[in-house]
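Dear colleague,

Please find below the structure I am handing over to you.

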Amino acid sequence: MSALNSENCSFQYQLHQTHQLLDGNCLLFLIILGKILLNILTLGMKRKNTHQNFLEYFCISLAFTDLLLLVNISIISYFRDFVLLGIRFTKYHICLFIQIISFTYGFLHYPVFLIACIDYYLNFSTATKLPLKCQKVCYFFTIILIWISVLTYVLGDPAIYQSLKAQNVYSQCPFYIGAQSYWLSFSMVTILFIGFITSWSEVITLVQAVRITSYMNETILYFPFSSHSSYTMNSKKILLPKLIICFLGTWLPFVLLQVIILLLKVQIPAYIEMNIPWLYFVNSFLIATIFWFNCHKFNFRDMALPVDPFVNWKCCFIPLILCNFEQIEKPISVIIC
């Protein structure tokens, strides 16, 4: 009688664990589906005909990888137990795939950030640029190389391999929490804070003078500037507050979110942390940084600036004389949000 009760308890325990695992798989499905919808929304909101750069193509590859992960999870969840090409797939492979993706995403932040910096430096510093087709081919192979390199490192690292091998199918699926995105967020928020403190008086003055109106079917912010200001904006001190207002005018909610995450030390799984809004935030930050460091080389009135998917930097730099613009006769500087 006791043996029968023991078997019943064991069977009920396995059913309970299986039910928990299925609930966890459904939650994973909803999370990744939500991330894909966020990717689609972000890609749909960005400006069209933007400058082609490395981060643009990497965002597309990330969206494709998320979609591929969702398809794999859906197939395994539907069939639960099947054999493909001699490999048996069960619902426990969902956890395995998520773990591999988490490790891969967690190690992508530094190399992607570094290559994006190099890409913008080369685009802004070299007078002769590669043809558009050559740039696209170069970006394509660079992204393929990054994905293969990081995935090879993840699968070949002994510590990660042991972590994946020691996975207990009846326990809750663990996820990798990456440190790279934390330190990148910390660095960018710190730089923004230092820049704001350095030029806080100019920023406050500009914000107080800002007015909101409509021009050429776009919502714009405009503020007066002195008539003796240089049109090339070659002064870093003059440019910094405009960059800060332009950047925070678009990304302030995201910056506040980063501050909250950093202060509360929220642990976000790496497969969620690497996302397209985050990459576009990094993209705008890099463009502003490159502009500020190289402002003495630029003539913002004449050069064709690369277009940010969310921030129109060129309208921040180019002064406009609009005699009939609400009867304002002096020059104004325009920021399109």
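Predicted model: local features only at pLDDT ≥ 70, side-chain atom pairs only at ≥ 80, totals over all residues.

Residues are numbered from 1 along each chain as its sequence is written, and side-chain values use heavy atoms, without hydrogens or water.

Helix α7 (residues 180-198) and helix α9 (residues 236-264) have axes that come within 10 Å and cross at roughly 135°. Contact (heavy atoms within 4.5 Å) involves residues including Phe186 and Val189 of α7 and Phe247 and Val259 of α9. By class, the residues of this contact are eleven nonpolar, three polar and no charged.

α7 also packs with helix α11 (residues 276-293), at an angle of about 40° and with the axes 12 Å apart; the two are therefore oblique to each other. Among the residues in this contact are Leu184 and Met188 of α7 and Trp278 and Phe281 of α11. Eight nonpolar, two polar and no charged residues take part.

The whole structure contains zero disulfides (pairs of cysteine sulfur atoms within 2.5 Å). For Cys138, the closest cysteine sulfur is that of Cys134, at 9.0 Å, too far for a bond. Cys138 is partly exposed at 40% relative accessibility (between the limits of under 20% for buried and over 50% for exposed, with a 1.4 Å probe and protein chains only). Cys117 is likewise partly exposed, at 25%.

Yours sincerely

Notes. Axes fitted to C-alpha atoms, helices over the stretch in contact; angles between N-to-C directions. Helix = DSSP H or I, 4+ residues; strand = E, 2+ residues; numbered from the N terminus. Nonpolar A, V, L, I, M, F, W, Y, C, P; charged D, E, K, R; others polar. Parallel < 35°, antiparallel > 145°, perpendicular 65-115°, else oblique.
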